[in-house]
Amino acid sequence: MCFLKFKKFMIALLCITVCCVTCILVSIFIGNTRNDDEYSLCGVTEELLQQKGISDLNINQISYSDISYNEESIGNVDELIKQYINDDLQSAVTYSDVKKRKTVKKGDFISLKIYDNGVENEDKIVVGKGNYGKKFDQWIVGKKQDNRYFWKNNNEIEIVRIQKINIPKLNKDFVKKNYGLDTVDQYRSYVADRVKEQREGEITANRNKQIMDSVLRSSDIEINEDQMAKYAKVTYDGYVEQAQGLGLDMETYAESFYDMTLDRFKMHCYKESENAVKTIICVGYLVNKFGLNVDSLKDNEESKDTEIIYEELKGKVIQCLITKEK
């Protein structure tokens, strides 16, 4: 008799346990489903994240209630035109050998041979332009042609050639040769249009960045650290290729173009990559939130790259945020 009572008790206890576990699992499932529904991403951004190796993430919050940005003006167009023309003339310079001097001065165009652990490389730089950093420019001034000197890391630098930079004059011959135009006035009109177009593009890019930064500041997104680190490494490797194309090591590249130490530049690459990934996530959520039509961007454009479609979607999202703000 006691055994039967104990058996009934155990069966009842087992039923209660099963019910409790079932309720807990259902609760968890419903909770996860609600989170997925609330912060679901459009297919384009999910595909893009997969391409970047990001699959493990958690969205705690994405908010767009506090959007802010500064309205910029085009600015002094005449000054911009002047700078554009100056850069244009600089790009058409010619070079002639300096014959009465053998020492390097600021502004010289010099040809170098660089010996690094027995490996010989060649490069050409303008002294004072920071090609190898400010310290190198200060160090190279006064050095003599056809002599070798030790630079940091025991690299040897030989100055092979010193040349003068000849900047062309802005005249009919210049505009005819380079643009097929008949007058300098026609050229200035062309430059004015280009300057306005470029400046408007910069203003739009700055505004868009401020808007997306506002969304990022109001968002709480967790990304798998290992996946994020791998993607940041891809970003860094892209800069390594740029540096190699310029004949620079990464330390010199980071100092010359970003005024950073190498360690700080690596942190910069990680933050840049993290912001890029979080921006993709926010855009993917807002595409669904605003009910934007993704399929219309793909129609009859099967070859269109996912990155291009994403940029178009981001532009539509930003326009929705601007309209909401107004």
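## Aromatic pairs

The ring-pair count is 19 aromatic pairs, where rings of Phe, Tyr and Trp (its six-membered ring) pair if their centres lie within 6.5 Å; planes under 30 degrees apart are stacked, over 60 edge-to-face, the rest tilted. Trp139 and Tyr149 pair edge-to-face, with 6.4 Å between centres and 90° between planes. Trp139 sits in helix 4 (residues 134-140) and Tyr149 in strand 5 (residues 148-150), 10 residues apart. Helices (H or I, at least four residues) and strands (E, at least two) are DSSP runs, numbered from the N terminus.

Tyr239 and Tyr253 form a tilted pair: 6.3 Å centre to centre, 45° between planes. This pair links helix 7 (residues 225-245) to helix 8 (residues 250-258), 14 residues apart. Both tyrosines, Tyr239 and Tyr253, are buried (under 20% relative accessible area, 1.4 Å probe, protein chains only).

## Charges over rings

Lys143 lies over the face of Tyr149, 5.7 Å from the ring centre. Arg148 lies over the face of Tyr115, at 3.8 Å. The criterion: NZ of Lys or CZ of Arg within 6 Å of the ring centre and within 35 degrees of the ring normal.

## Overall fold

The protein has 11 helices and 7 strands. Buried residues make up 34% of its 326 residues. Among contacts (heavy atoms within 4.5 Å) between residues at least 6 apart in sequence, 68% join residues at least 24 apart.

## Basis

This is a predicted model; local features need pLDDT of at least 70, side-chain atom pairs count only at pLDDT 80 or more, and totals for chains, interfaces and linings use all residues. Residues are numbered from 1 along each chain as its sequence is written, and side-chain values use heavy atoms, leaving out hydrogens and water.

Note on methods: Buried means under 20% relative accessible area, exposed over 50%, partly exposed in between (1.4 Å probe, protein chains only).
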